[in-house]
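Keep the sequence and the 3D view side by side while reading. The text below walks from one region to the next.

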Amino acid sequence: MAKATLITPYKMGRFNLSHRIVLAPLTRQRSFGNVPQPHAILYYAQRASQGGLLIAEATSVSDTAHGYPFTPGIWTKEQVNAWKPIVDAVHEKGGIFFCQIWHVGRVSNYEFQPNGQAPISSTDKALKPVVRANGVDVATFAPPRRLPTEEIAMVVNDFRLAARNAIEAGFDGVEIHGAHGYLIEQFLKDKVNDRKDRYGGSLENRCRFALEVVEAVVDEIGADRVGIRLSPFAAYCEAGDSNPEALGIYMANALNKYGIVYCHMVEPRMATVGEKAQTPYSLLPMRRAFKGTFMVAGGYDREEGNEVIGSGYADLVAYGRLFLANPDLPRRFELNAPLNDYKRETFYVPDPVVGYTDYPFLDSIA
């Protein structure tokens, strides 16, 4: 029997995928006023294919959830309505579209918060300033306000309402963003979470908030429409953990209770943003623990993707930079065709075309 490859069909719960190449959620910072824009219709439609799974860019669940300029939200009627034609365009191409719902927590500053208030987090520990890739700009972060125990349910409810709104906008499901040092991970990781209540201390307590979000979203829209992204081994935004493997396995097992359709994990080699590193760790113990579809991400190329699918290490592989630069990536992988190079300097510019919808398709290259 032939080994499965990236272009082998796959049934993910109720969704029939024609291939296993997933558009990873990619922050693009082109949603002016935190409202998705018409130029996103073309961007996502370009990357849609019959039976292909796309995950939308991280989308804020509330007005306290922002930490970057021009990122979209899904808590207002205006935002929901703005997403509808984007989702429709993906569906017209036969694609399956999940919305990644997000709260940045302490990775924010007063300017992004309602009434200039402090951002919320599991902790009151502030992040150190970060020098951006150009070596000039410095991102600074406001000291966060530690969420009192009695307020946590309100934030869980924000995720629930965002999931409801995503379904109203036409999305096929949601991916809960539990990775990369944002709010959920600020609860999960013991290098950040210094709480003394039932949301801090033990592994079980630190995972409580994440699992309450999962439960609320599942109750609202159904387990077959819910995925989650986790990065137990990463230390983005100063969110490391003393025993990442135990954290990943605990979460993989705990998620089985809710029957969610997929778990999307970031490879241990991606401990720092955009760079592969040597590591003794593997996602295999989490893959074995989780009963649903297992998706991996982390600097994969075509050969590596085929290898992990063929070996059974993963069911799906999410691609970010390669899919950004190659809107027809599944076709290029199928043909083993040359790939466009991505232009890192245009990743986060607000231009509605440059570095966004101007990457050429294979057919258009002379």
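**A walk through the model**

Leaving out residues up to four places away in sequence, D158 touches V61 and S62. This is a predicted model, so every value here is computed from predicted positions. D158 sits in helix α3, which covers residues 152–168. Is D158 buried, partly exposed or exposed? With a relative accessibility of 22%, D158 counts as partly exposed, because the buried class ends at under 20%. S18 is 140 residues from D158 along the chain, and 33 Å separate their C-alpha atoms.

Stay with α3 and look for its partner helix. The axes of α3 and α5 (residues 203–221) come within 9 Å. They cross at roughly 35°. The crossing of α3 and α5 is right-handed. Which residues make the contact? From α3 come I152, V155, V156, F159, R160, A163, R164 and I167. From α5 come F209, E212, V213, A216, V217, E220 and I221.

Next, strand β7. This strand spans residues 120–121, and S121 belongs to it. S121 is buried, with a relative accessible area of 0%. Which residues does S121 contact, apart from its neighbours within four places in sequence? They are R106, P144, R145, R146, L147, L183, Q186, F187 and R195. P232 is 111 residues from S121 along the chain, and the two C-alpha atoms are 18 Å apart.

One of the contacts of S121 is R145. The side chain of R145 also forms a salt bridge with that of E151, at 3.0 Å from N to O. R145 is partly exposed, at 34% relative accessibility. Salt bridges with shared partners join R146 to D124 and D194 in one network.

How many salt bridges does a search of the whole structure find? The count is 15. Side chains of opposite charge can pair when their charged atoms come close. Two further pairs deserve a look. R332 and D328 meet through their side chains in a salt bridge of 2.7 Å, N to O. R332 is buried, with a relative accessible area of 1%. D328 is buried too, at 10%.

D315 and R287 form the other pair, with 2.8 Å from N to O. What does this bridge tie together? D315 lies in the loop between α8 (302–311) and β15 (316–319), while R287 is in helix α7 (residues 284–289), so the pair links parts that are 28 residues apart in sequence. D315 is buried, with a relative accessible area of 11%. R287 is buried as well, at 16%.

From the loop that holds D315, move on to β15. Which residues cover the two faces of this strand? L316 and A318 lie on one side of β15, V317 and Y319 on the other, and all are buried. Both faces of the strand are therefore covered, because the residues on each side count as buried, under 20% relative accessible area.

Which strands pair with β15? Strand β3 (residues 21–23) is joined to β15 by three bridges, and the two run parallel. Within that pairing, L23 stands opposite Y319. Strand β14 (residues 293–297) is also joined to β15 by three bridges, again in parallel. Here V296 stands opposite V317. What handedness does the unit of β14, α8 and β15 have? These elements make a right-handed β-α-β unit.

Finally, check two backbone angles. H180 is not a glycine, yet its phi is positive, at about 60°. H180 is found in the loop between β11 (173–178) and α4 (183–188). H180 is buried, with a relative accessible area of 14%. C237 is not a glycine either, and has a positive phi of about 55°. C237 is in the loop between β12 (226–230) and α6 (244–256). At 25% relative accessibility, C237 counts as partly exposed.

Note on methods. Residues numbered from 1 in each chain as written. Predicted model: local features only at pLDDT ≥ 70, side-chain atom pairs only at ≥ 80, totals over all residues. Heavy atoms only, no water. Salt bridge = Lys/Arg side-chain N within 4 Å of Asp/Glu carboxyl O. Buried < 20%, exposed > 50% of the residue type's maximum accessible area, 1.4 Å probe, protein only. Helix = DSSP H or I, 4+ residues; strand = E, 2+ residues; numbered from the N terminus. Pairing = 2+ DSSP bridges. Right-handed = clockwise from strand over helix to strand, strands pointing away. Contact = heavy atoms within 4.5 Å. Axes fitted to C-alpha atoms, helices over the stretch in contact; angles between N-to-C directions. Left-handed = near helix turned anticlockwise from the far one by under 90°.
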